[in-house]
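Subject: Structure handover

Hi,

Here is the structure I promised to pass on. My notes on what turned up in it follow below.

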Amino acid sequence: MNDQKRNDRMLSEDELRGLITSGEIDTVVLAFTDMQGRLQGKLCHGQFFLDSVLEDGAEGCSYLLAVDTEMNTVDGYAMTSWEAGYGDMRFEMDLQTIRLMPHNPGQVMIQCDLTTTDGTPIPMSPRSMLKAQLERAREMGYQMLTGTELEFCIYDTSYEDAWRSNYQDLAPANQYNVDYNILGSQRVEPLLREIRNAMYRAGMTVESAKGECNFGQHEIAFRYDDGLVTADNHVVYKLSSKQIAHSQGKSLTFMAKPNQREGSSCHIHMSLRGLDGSTVFWDKEKGKRTAVYEQFIAGVLKGMKEMTLFYAPNINSYKRFAKGSFAPTSVAWGMDNRSCAVRLVGEGAAARMENRLPGGDVNPYLALAAMLACGLDGIENELELEPMTAGNAYESDAPQVPRTMSQARNLLEGSELARRVFGDEVVDHYVHYADDEMDSFYSEVTDWELRRGFERL
């Protein structure tokens, strides 16, 4: 029996058994994160879960790691195909992730790893990719602490009505810029409050909510944690916030660029500690950054362009990168400088780096794995940190962030670093994902083309 749990609001296996037996819980959701960062899986009846699934496990079709956003099966993936028969993969439950889903009464969720039927981890599974880099860090004597700051836009339009209107003329929950504006936050507080409280009861440490720049744009912040815990919480929060918005007749989106105004970001804060919790990024006696910290930053910067596909995984992601938008265009670092891709903040135990490249559509497992992999590579190779960018990085001569998915795809395909840290099969898998996304996009006729060309061309 596994009675380990991450905090007192999570459930142990024994507690789950008791809640199912008493009838308080009737549904157990088994969920894993797919390439797109979505939770997929099964809803099991509680008693069947106890009688069968808890001991024998569960399976799902391997195509779930080889589909596009529309859930179409896609040819060309090495791990699964019609020729290979689209066999099963196992859902390996992580029993430290048992959590109540307060907005769905009677439900708990358990997050899963994906393995082949013989128990071998599937390397291109996002959770497997992150766990492999976390283990690499442990072997080097480090643990990773991280937090993801996820922004979204709220609409007083239901998901169903948004679909029927072809996502045109949606009603934003705020009609003006409400960045840090208390009135603007309070106008949508019934939704924000329910999300905050539900996520707290689901085992997360909630910090605060604040307005952002775009109309109806907000952010709910959670306390930093171990890398795997942060990624697990991130995807549960993302799913749950959509469900809660739906229950109130609203919708919200995590698209990186849902309209022509400011995009939605997912700034990632990261630091390393020793396995004993000791600070390794800051020299207390000298009052400055350690060599390990600078090497880590140098590694993240060196690999940023090659890993951009893991930070910006959709065609739409690249619309966010624009001058003066608070989204970076230059691969540069600075002290508390929001025009740079990497912003350094804090001192002592709070010293950390912020990666400002990812948008709200990011898959947290992929982004954290890429960032950690590059930083560890910088430490291993004792990379020297380039000079800081002072002033406006948008006008600097620093290398530019890839502006299209095609550029990012080509950089990942040719990356010696990515192939070394993740393996050829993983890189080839995500390169093929990018190829399919681009093929799908470029085969569509958009309303932009019709407006420009229907009469005038």
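Helices (H or I, at least four residues) and strands (E, at least two) are DSSP runs, numbered from the N terminus. This is a predicted model, in which local features need pLDDT of at least 70 and side-chain atom pairs count only at pLDDT 80 or more, while totals for chains, interfaces and linings use all residues. Residues are numbered from 1 along each chain as its sequence is written, and side-chain values use heavy atoms, with hydrogens and water left out.

Salt bridges first. With a side-chain nitrogen of Lys or Arg within 4 Å of a carboxyl oxygen of Asp or Glu as the criterion, the whole structure has 31 of them. One joins Glu416 to Arg420, with the closest N and O atoms 2.7 Å apart. These two sit four residues apart in helix H12 (residues 416-422), so about one helical turn separates them. Helix H1 (residues 13-22) holds Glu13 and Arg17, also four residues apart and separated by about one helical turn; their side chains form a salt bridge at 3.4 Å, N to O.

For exposure, buried means under 20% relative accessible area, exposed over 50%, and partly exposed in between (1.4 Å probe, protein chains only). Glu13 is buried at 9%, whereas Arg17 is partly exposed at 30%. Arg420 is partly exposed too, at 43%. Another salt bridge pairs Asp428 with Arg419, at 2.9 Å between the closest N and O atoms. There is also a network of salt bridges linking Arg6, Asp94, Asp113, Arg127, Lys131 and Asp232.

Lys257 is buried but has no salt bridge, and the nearest side chain of opposite charge, Glu262, is 7.0 Å away. (Lys and Arg count as positive, Asp and Glu as negative; His and the chain ends are not counted.) Contact means heavy atoms within 4.5 Å; beyond its neighbours within four places in sequence, Lys257 has contacts that include Asn316, Lys319 and Arg320.

Now the interior. A nonpolar core is a set of buried Ala, Val, Leu, Ile, Met, Phe, Trp, Tyr and Cys residues joined through side-chain atoms within 4.5 Å. The largest one has 126 residues, and Met307 and Phe422 are among those with the most contacts inside it. Helix H10 (residues 364-380) supplies the largest share of this core, 12 residues.

Happy to talk any of this through.

Best wishes
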